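Please find below a colleague's note on the structure shown here.

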Amino acid sequence: MAQWFNVGKIVNTHGIRGEVRVISMTDFREERYKPGNTLYLFLPGEKEPLKLQIELSRPHKQFDLLKFEGYDSIQEVEKWKDGILKVSEEQLGELGENEYYFHEIIGCEVWTVAGDKVGVVKEILTPGANDVWVVQAEHQKEYLIPFIEDVVKEVDPAEKRIVIEPMEGLLS
């Protein structure tokens, strides 16, 4: 059974030449959206994904604009709205030390070095210099944990466990 990993969601078309607007869900935009690379489009109600090859990509405002080979008009790509772009497990590359895929981090329990449970990582934001993990606490409060060496002390994706040393004010 193939395992698939989200790369982005098509939210709209852009122009009339077959470009689509994508909200990215990957840390590896440059690699994933490189011309010639393959992505798989999963559409609601469809059983099989559509294999697509990237022709062009470029950032635009808070989106990434993608154009796929063989799809040159707005009419051909309009039906892709709300589709999810994915890669297969075989397309995942090896990461360096202290690098993780989003799917390895989301769902991990977060604990302090003192042994207190903070919550579970539910989302990852990529605002700039470093990622920020959105941690949902049991009492519905959310904490924003920066993925920096001073805060994140241990990450064990296999055990779904993260240990942090909170800076002053981080958990208040």
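The points below treat the model's basis, its sheets, its cores, its pocket and some single residues.

1. Basis. This is a predicted model, in which local features need pLDDT of at least 70, side-chain atom pairs count only at pLDDT 80 or more, and totals for chains, interfaces and linings use all residues. Residues are numbered from 1 along each chain as its sequence is written, and side-chain values use heavy atoms, with hydrogens and water left out.

2. The open sheet. Six strands form an open sheet of mixed pairing, in the order β10-β9-β8-β7-β12-β11. Strands are DSSP runs of E with at least two residues, helices are runs of H or I with at least four, and both are numbered from the N terminus; two strands pair if DSSP finds at least two bridges between them. Strands β10 and β11 (152–156) stand at the edges with a single partner strand each, so one side of each has no neighbour in the sheet. From one strand to the next the twist averages 35°, with axes fitted as lines to C-alpha atoms and angles running from 0 to 180 degrees between N-to-C directions. Strand β11 runs antiparallel to β12 (residues 161–164), joined by 4 bridges, and V152 stands opposite I164 in β12.

3. Strand β3. Of the 5 residues of β3 (residues 38–42), 4 are buried, so this strand is largely enclosed by the rest of the structure. Buried means under 20% relative accessible area, exposed over 50%, and partly exposed in between, using a 1.4 Å probe and protein chains only. Strand β3 is antiparallel to β4 (residues 50–60) over 4 bridges, where Y40 has K51 as its bridge partner. Strand β3 also pairs with β6 in the antiparallel sense, over 3 bridges, and L41 stands opposite L85 in β6.

4. Nonpolar cores. The largest nonpolar core has 19 residues, and I105, V121 and W133 are among those with the most contacts inside it. Such a core is a set of buried Ala, Val, Leu, Ile, Met, Phe, Trp, Tyr and Cys residues joined through side-chain atoms within 4.5 Å. Elements giving two or more residues to this core include α3 (102–105), β9 and β12, while the largest share, 3 residues, comes from β8. A second, separate core of 17 residues includes I10, V20, L43 and V77.

5. The largest pocket. This pocket has a volume of about 510 Å³ and is lined by 22 residues, of which N6, S24, M25, T26 and F102 lie nearest its centre. On a 1 Å grid over the protein atoms alone, a pocket is an open set of points where a 1.4 Å probe fits, with protein on both sides within 12 Å along at least five of seven lines; lining residues have an atom within 4 Å of a point. Grid points are joined across faces, edges and corners, and the volume is the space filled by probe spheres set on the points.

6. Residue F68. F68 belongs to strand β5 (residues 63–68) and is buried at 0% relative accessibility. Leaving out residues up to four places away in sequence, F68 touches residues including V20, L39, W80 and L85, where contact means heavy atoms within 4.5 Å.

7. Most residues other than glycine have a negative phi. D82 has a positive phi near 75° and is partly exposed, at 46% relative accessible area. Q140 has a positive phi of about 70° and is exposed, at 63% relative accessibility.
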